[in-house]
Amino acid sequence: MTTHTKDTVDVVVVGGGIGGLSNALALTRKGLRVRVFERAAEFGEVGAGLQIAPNCTRILDHWGLLEEVVSLGVLPENIVMKDAVDGSELTRLDLKDVEARYGAPYMVIHRSDLHGVLLRACERAGVDLVTDVAVTGYEQQDGQATAIHAGGRETAPVVIAADGIRSVARPLLVDDEPVSSSYVAYRGAVPAAQVEALGVSMRDVVVYVGPKCHFVQYPLRGGEMFNQVAVFESPKALAGEEDWGTPDELDAAFVDTCTEVRAGLPLMWRDRWWRMFDREPIPTWVTGRVALSGDSAHAPLQYLAQGAVMAMEDAYVLSEHVGSQLAAGATADSLDWDAALAAYDAVRPEHCRRVLTTARAWGELWHHVGDERLWRNAVMRARDVHDYGFVDWLYGPTALTPDQEPPMFQPL
Ligand SMILES: Cc1cc2nc3c(=O)[nH]c(=O)nc-3n(C[C@H](O)[C@H](O)[C@H](O)COP(=O)(O)OP(=O)(O)OC[C@H]3O[C@@H](n4cnc5c(N)ncnc54)[C@H](O)[C@@H]3O)c2cc1C
């Protein structure tokens with residue numbers, strides 16, 4: 001895997017997650033030489049399923065990867081929202097309608113499968129993929145950026161920091177810390193045979209929203225696997241205890257939920273859990289020739305299922321700005337990186353700010369208790385299931401600037 005050469009590159013990408021690999025692929029497709037530094041010994045992803053909305057599947061299509069990604073995932077028929085206490089349906093999104101409306105499918109996939117597709121595409125494209133390199137700092141001089149690591153320094157016209165929520169590069173732009181939501185996620189992806197007796201839907205994404213908790217279920221890998229996510233507010237986190245999110249809290253959080261949810265809980269992995277942090281939105285992600293991308297720029301709470309999606313959008317948008325200069329006659333050496341980075345910074349932070357703040361509000365709505373829960377249920381039940389007003393801004397082309405839309409997708 002490690003193919004580090006001494007050759008100079010046009011772009012260094014720090015971080016080989018979904019965001020970093022997307023940047024590397026998108027820029028290499030434009031003809032640039034890209035090197036990725038990943039601190040882990042292997043490229044890979046930890047976790048289970050990812051929902052990928054049309055605002056990203058249309059990008060995967062543009063990169064020529066959609067067919068492979070779909071072959072490894074599932075195209076669900078509906079997103080069904082239910083009350084976690086009584087199990088009743090609140091509202092739904094028909095995903096065939098969604099595909100017709102937005103010109104690209106809504107899908108679910110194991111995150112290691114998506115990461116694998118991007119990794120293979122990077123290898124085919126000739127990205128220099130380097131593992132075991134943890135970047136510890138940055139320097140800038142004369143229109144070049146340098147990523148510093150234990151083994152040395154790497155200088156390029158641009159460094160893209162796709163190094164996740166605890167980014168080393170983010171302090172170059174802002175003095176902040178990840179924000180704890182006091183919520184924790186348990187995941188579990190199991191062979192479908194293990195849920196056969198539970199009567200779960202193998203066709204839908206089902207989200208049970210409950211008092212200070214929710215539970216998500218969907219099939220993976222063409223229906224061979226079943227993915228579940230259990231999320232709840234941790235009393236120990238609220239009390240300021242260090243040891244929060246433990247399995248006893250998981251069990252306690254779902255005691256009053258419906259039979260369907262409680263039946264799924266024993267299948268959750270209980271040896272690991274994900275404390276849920278996000279980041280405050282920031283208005284600029286670029287300083288000189290260092291640009292944040294993905295979770296380093298905009299780690300969200302996951303309630304809109306847009307974290308990885310935004311990371312891939314970032315990569316797409318920056319690469320299209322580079323591409324338009326190349327199409328107008330620039331070469332890799334004469335690129336106006338300041339203009340490309342400014343164009344990227346002009347559109348992405350504002351869109352992602354809205355995703356981050358809406359995700360927080362969406363989570364509050366899901367987790368209502370008492371009368372507020374009843375109000376939420378009434379509002380959701382009253383929604384016309386063909387009303388797409390609350391996702392047009394997200395799934396439609398407005399998330400990117402119109403001239404960056406892949407040509408096969410017309411504006412609504
Ligand atoms: C429970 C849960 C469910 C989610 N569901 C969805 C969903 O359905 N849909 C969706 O779109 N998103 C979802 N997300 C969000 C999504 O997982 C993330 O937003 C996305 O993976 C971020 O990708 P990234 O590449 O920016 O960062 P990361 O995945 O964090 O990757 C960063 C990479 O950089 C490397 N790295 C870090 N520091 C350094 C360094 N100093 N030097 C070198 N390498 C470094 C890391 O090892 C890692 O490989 C979910 C998140 C959670 C927690």
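How are helices α1 and α10 oriented to each other? The views below come from a predicted model, and the second one takes up this question.

**View 1. Six strands form an open sheet.** The order of the strands is β7-β2-β1-β11-β18-β17, and their pairing is mixed. β7 (128–130) and β17 (286–287) are the edge strands, each pairing on one side only. Strands of a sheet pair through backbone hydrogen bonds, either parallel or antiparallel. Strand β1 (residues 11–14) and strand β11 (residues 158–161) run parallel and are joined by four bridges. In one of these pairs of residues, Val 14 has Ala 161 of β11 as its bridge partner. Helix α1 (residues 18–29) lies across β1, β2 (34–37) and β11, and its direction makes an angle of about 170 degrees with β2.

**View 2. Helix α1 packs against helix α10.** Two packed helices are described by the angle between their axes and the distance between the axes. For α1 and α10 (residues 307–327), the angle is about 20 degrees and the axes are 8 Å apart. Angles under 35 degrees count as roughly parallel, so α1 and α10 are roughly parallel to each other. Their crossing is right-handed. On the α1 side, the contact is made by Ile 18, Gly 19, Ser 22, Asn 23, Ala 26 and Leu 27. The residues from α10 include Ala 308, Ala 311, Met 312, Ala 315 and Leu 318. The contact of α1 with α10 has 10 nonpolar, four polar and one charged residue.

**View 3. Helix α2 crosses helix α10.** The axes of α2 (residues 54–62) and α10 come within 9 Å and cross at roughly 45 degrees. α2 is therefore oblique to α10. The crossing of α2 and α10 is left-handed. Here Asn 55, Cys 56 and Ile 59 of α2 meet Val 309, Met 312, Glu 313 and Tyr 316 of α10. Five residues of this contact are nonpolar, one is polar and one is charged.

**View 4. A shell of residues surrounds the ligand.** The shell has 31 residues, and the closest to the ligand are Gly 15, Gly 17, Gly 164, Gly 294 and Gly 307. α1, β3 (49–52) and α10 are the elements that give two or more residues to the shell. α10 gives the most, with four residues. By type, the shell around the ligand divides into 16 nonpolar, 11 polar and four charged residues.

Terms used
Residues numbered from 1 in each chain as written. Predicted model: local features only at pLDDT ≥ 70, side-chain atom pairs only at ≥ 80, totals over all residues. Pairing = 2+ DSSP bridges. Contact = placed C-beta atoms within 7 Å. Axes fitted to C-alpha atoms, helices over the stretch in contact; angles between N-to-C directions. Parallel < 35°, antiparallel > 145°, perpendicular 65-115°, else oblique. Left-handed = near helix turned anticlockwise from the far one by under 90°. Nonpolar A, V, L, I, M, F, W, Y, C, P; charged D, E, K, R; others polar. Near = placed C-beta within 6 Å.
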